[in-house]
Amino acid sequence: MAAASASASTQCFNSLLPLTDNCHSHPRHGGSRILRLQLSQIPKSLSLSSSSSSIGGAIERKDHLPQRSSFAQTAAVRHLVGSVTATQGLRFAVVVARFNEIITKQLLEGALTTFKNYSIQEEDVDVVWVPGSFEIGVAAQRLGSLGRYHAILCIGAVIRGDTTHYDAVANSAASGVLSAGLKSGVPCIFGVLTCDNMEQALNRAGGKSGNKGAETALTAIEMASLFEHHLK
């Protein structure tokens, strides 16, 4: 009975479709007729819509699919950014390495000038000197654990020499500052120059490449503001 119903439906459908000259029998299909239809010849009553099913449920309705929402349409998203103007009450510590002092002093001057330009009071900045860049990390971690400071600026200069000592000190300084921030929960800003020669260091300590101490101080202000005003 089901086969007869399917045959009747097929005949009904075929009777509505105009055949072209390409209608022929193919021996590999047991002589069954292969209908090649031109799209323009399909009656409008049988045209398929992308939103509905016309023949035997073969085409599913798509209007039930959820609509994608873009990021811009999400009103609940908040962007938390530290401010370099809301600096009242922020306190900072600056850890400075004495080694390569000709460079680190200029970096410190740039940092202190930036603090002053952004309304950080002198009494809200403490400067701590350590022998070299290798010792910066442990001092920064101790300062962070005191709970007195909103951010700690770490200043040093490591210049490549003839041995691999440069790599050991530079890597230890970077990992030490990172570890200090993670363990204390206080932003510890990496302001240690790692240069191939003295000329590169001088260029970055107030020379033609600017003063990296000043840039790092600005980063410290923004991070201190972010933690104090948004991440407490």
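**Exercise 1. Identify the bond between the side chains of Glu 101 and Lys 105, and describe its setting.**

Solution. The side chains of Glu 101 and Lys 105 form a salt bridge, at 3.9 Å from N to O. A salt bridge is defined here as a side-chain nitrogen of Lys or Arg within 4 Å of a carboxyl oxygen of Asp or Glu. The model is predicted, so local features need pLDDT of at least 70 and side-chain atom pairs count only at pLDDT 80 or more, while totals for chains, interfaces and linings use all residues. Residues are numbered from 1 along each chain as its sequence is written, and side-chain values use heavy atoms, with hydrogens and water left out.

Helices (H or I, at least four residues) and strands (E, at least two) are DSSP runs, numbered from the N terminus.

Finally, consider accessibility. Glu 101 is partly exposed at 33% relative accessible area, and Lys 105 is partly exposed at 43%. Buried means under 20% relative accessible area, exposed over 50%, and partly exposed in between (1.4 Å probe, protein chains only).

**Exercise 2. Determine how many salt bridges the whole structure holds, and examine the one between Asp 124 and Arg 91.**

Solution. The search of the whole structure finds 7 salt bridges. In one of them, the side chains of Asp 124 and Arg 91 meet at 3.4 Å, N to O. Asp 124 lies in the loop between α2 (101–117) and β4 (125–130), and Arg 91 in the loop between β2 (33–34) and β3 (92–97), so the pair ties together parts that are 33 residues apart in sequence. As to accessibility, Asp 124 is buried at 17%, whereas Arg 91 is partly exposed at 23%. A network of salt bridges links Arg 91, Asp 124 and Asp 126.

**Exercise 3. State which residues of the largest nonpolar core touch the most other members, and which elements supply the core.**

Solution. A nonpolar core is a set of buried Ala, Val, Leu, Ile, Met, Phe, Trp, Tyr and Cys residues joined through side-chain atoms within 4.5 Å. The largest such core has 24 residues, of which Phe 92, Val 94, Ile 103, Phe 115, Leu 153 and Ile 155 touch the most other members. At least two residues of this core come from each of β3, α2, β5 (151–159), β6 (188–195) and α6 (212–229). The largest share, 5 residues, is supplied by α2. A second, separate core has 20 residues, including Ala 97, Ile 136, Cys 188 and Val 192.

**Exercise 4. Describe how helices α3 and α4 pack.**

Solution. Helix α3 (residues 136–145) and helix α4 (residues 165–184) pack at about 15 degrees, and their axes are 8 Å apart. Axes are lines fitted to C-alpha atoms, for helices over the stretch in contact, and angles run from 0 to 180 degrees between N-to-C directions. The two helices are therefore roughly parallel, a label for angles under 35 degrees.

**Exercise 5. Locate Ser 225 and decide whether Ser 225 is buried or exposed.**

Solution. Ser 225 is found in helix α6. With a relative accessible area of 1%, Ser 225 is buried. The C-alpha atoms of Ser 225 and Val 84 are separated by 7.2 Å, although these residues are 141 residues apart along the chain. Beyond its neighbours within four places in sequence, Ser 225 is in contact (heavy atoms within 4.5 Å) with residues including Gly 82, Ser 83 and His 230.

Notes. Angles under 35 degrees count as roughly parallel, over 145 as roughly antiparallel, 65 to 115 as roughly perpendicular and the rest as oblique.
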